[in-house]
Amino acid sequence: MFDLFLKKKIDIAAAKYFWGWFEENEEWIITNWKTNSMDVLNAIYAVIDPVFPYKKKNGLEFQFGFHEGRGEFEFFHARQPALKRDAEILRGMMPEKIAARWTFIIDK
């Protein structure tokens with residue numbers, strides 16, 4: 001019931017920070033994702049989690065990979081309308097430099 005009163009809304013400042021961080025750390029992500037995937041996942045999670053303040057702690061699911069010069073960032077919304085909407089907003093905020101090498105996929 002308490003959930004009805006919460007405003008499920010993306011944190012725009014955190015989303016901007018996420019993309020800035022991702023851009024700054026892109027080479028580190030690409031270089032380390034195969035050998036230190038948990039370190040990379042934990043680092044990404046730490047900066048993407050605040051983008052969705054209404055999600056429970058450790059409630060976001062995503063995966064990524066980088067092959068032959070292209071990256072994929074797959075985000076799962078688990079059929080939650082607010083999360084899907086906000087993932088679309090986040091994808092729309094992706095800097096052109098990142099979008100040139102990465103695809104942001106929104107999945108169920």
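A78 is found in the loop between β2 and α3 (81-92), where helices (H or I, at least four residues) and strands (E, at least two) are DSSP runs numbered from the N terminus. Residues are numbered from 1 along each chain as its sequence is written. The model is predicted, so local features need pLDDT of at least 70, side-chain atom pairs count only at pLDDT 80 or more, and totals for chains, interfaces and linings use all residues.

Now look at the backbone of A78: its phi is near 55°, a positive value in a residue other than glycine. Most residues other than glycine have a negative phi. A78 counts as partly exposed because its relative accessibility is 47%; buried means under 20%, exposed over 50%, and partly exposed in between (1.4 Å probe, protein chains only).

E68 sits in the loop between β1 (61-67) and β2 (70-76), and its 85% relative accessibility is why it counts as exposed.

Stepping back, the protein has four helices and three strands, arranged along the sequence as α-α-β-β-α-α-β. Its C-alpha trace spans about 45 × 25 × 25 Å along the principal axes. Of its 108 residues, 42% count as buried. Among contacts (heavy atoms within 4.5 Å) with a separation of 6 or more, 65% are between residues 24 or more positions apart.

Key. Heavy atoms only, no water.
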